[in-house]
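Open the model in your viewer and keep the sequence panel beside it. We will go from stop to stop, with something to select at each one.

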Amino acid sequence: MKKDILSMNITELEADMEELGQSKFRATQVFRWLHVDRAETFEEMTNISKDFRKVLDEEYEIYTLEIVKRLISKIDGTRKYIFRLKGGSLIESVMMPYDHGNTICISTQSGCRMGCRFCASTINGLERNLTPAEMLGQFYAIEKDTNEKLTNAVLMGSGEPFDNFDNVARFLELISDNNGTKLSKRNVTLSTCGLPEGIRKLAELKYPVTLALSLHAPDDETRKKLMPIANKYTIDETLAACWEFFERTGRRVSFEYSLVSGVNDSKEHAKKLAELFYGKNCHINLIPVNPVDERDYQQSTKEAIERFRGILEKYRINVTIRREMGRDINGACGQLRNETMKEETIG
Ligand code: SAH
């Protein structure tokens, strides 16, 4: 089987190039062809001898994703993509054109096994982990398709990044490489349902990404209703890892709180949450839950959302309400993928 060259870093490529009787310098040259020029064949690498291009072609594969669907919002230009991976798995990525730059929402797994009750990505369970090349592939395919630069990335598509730690860490290394795309890690947000050992491992790498924790409840009892992971780790344990991340990296942690009517959106919940975060350097992002057909959760009312925000603000907590993008094409995260999977089985 050919080696997946897009997932390799320069150190690994150097070792390979030497083994193939080339100078080390060849590695950086090939890396730049792949990640700066975005070559999709070795044939394009014209400053490399024809003979060696042939060798490369026999040894390695340059991974590209196939676009299955592309939906473009008429309201704000948000684009949703369904890609097919090798082996047939489908994944979903989104491009959001914000004023501060184009942001891509990347999937880290095909499906997910965390089981959050309100989330569509988890309905059919986990299919498989994505490789670093498949995460980069989403970025490269969208830049190519739009002919625009992406300036920010959020790992908030399908999947739990810390359930695929090594590949996600490699993706972050590759996308920020000075000989490659050079995306600043500061422009990357990694969102997790809260696996403390993953948070600590990321803190050890000292990557200055923004960590976003999906909290969704101020107490363990409420959190257990929404997220099975709450049966494994308490909020206290999870937050301890978050504060450690902050100490190690100096990066303020974000907390996501999806408001579900009648489940986690009362005055009492808001007060408890405010007390939990009082005086902490953090940011809370309130997300009106996006109803998923298969689940019977309802979005909180506008009044409940505003009341919730007001209480947090009284405690001087940084709080924002997430703006809804691409309302006209916006099934909840993972829904377009589910629909497409159904269509493909029927059709
Ligand atoms: N596995 C990661 C990334 C998932 S998606 C995580 O759990 O953080 C990014 C965010 O969207 C998470 O906070 C997730 O809980 C939230 N989310 C998923 N489905 C949602 C829905 N239907 N409505 C509102 N928020 C949702």
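In which loop is Lys206 found? Select Lys206 and you land in the loop between helix H6 (196-205) and S11; helices (H or I, at least four residues) and strands (E, at least two) are DSSP runs, numbered from the N terminus. Its phi is near 55°, a positive value in a residue other than glycine.

Before moving on, a word about the numbering and the model: residues are numbered from 1 along each chain as its sequence is written, and side-chain values use heavy atoms, with hydrogens and water left out. This is a predicted model, in which local features need pLDDT of at least 70 and side-chain atom pairs count only at pLDDT 80 or more, while totals for chains, interfaces and linings use all residues.

Next, select Arg38, in the loop between helix H2 (25-35) and helix H3 (50-59). Phi of Arg38 is also positive, near 55°, and Arg38 is not a glycine.

Now show the strands. Ten of them, 10 strands in the order S3-S4-S5-S6-S9-S10-S11-S12-S13-S14, form an open sheet with mixed pairing; two strands pair if DSSP finds at least two bridges between them. Strand S3 (66-72) and strand S14 (318-321) are the edges: each has a single partner strand, so one side of each has no neighbour in the sheet. From one strand to the next, the twist averages 20°.

Zoom in on S12 and strand S13 (residues 282-288), which pair in the parallel sense over seven bridges. Here Val253 stands opposite Cys282 in S13.

Last stop: the ligand. Select the 18 residues around it, of which Gly159, Ser191, Ser214, His216 and Asn290 come nearest (a residue is near if one of its heavy atoms lies within 4 Å). Strand S10 (188-192) and strand S12 (253-259) each supply at least two residues of this shell.

Try the distance tool on these polar contacts (pairs of N or O atoms within 3.5 Å):

- Ser214: a side-chain N or O atom is 2.6 Å from a ligand oxygen.
- Asn290: a polar backbone atom is 2.8 Å from a ligand nitrogen.
- Phe118: a polar backbone atom is 3.0 Å from a ligand nitrogen.

Terms used:
A polar contact is a pair of N or O atoms within 3.5 Å; within protein, one must be able to donate a hydrogen and the other to accept it, and residues adjacent in sequence count only if both atoms are side-chain atoms. Axes are lines fitted to C-alpha atoms, for helices over the stretch in contact, and angles run from 0 to 180 degrees between N-to-C directions.
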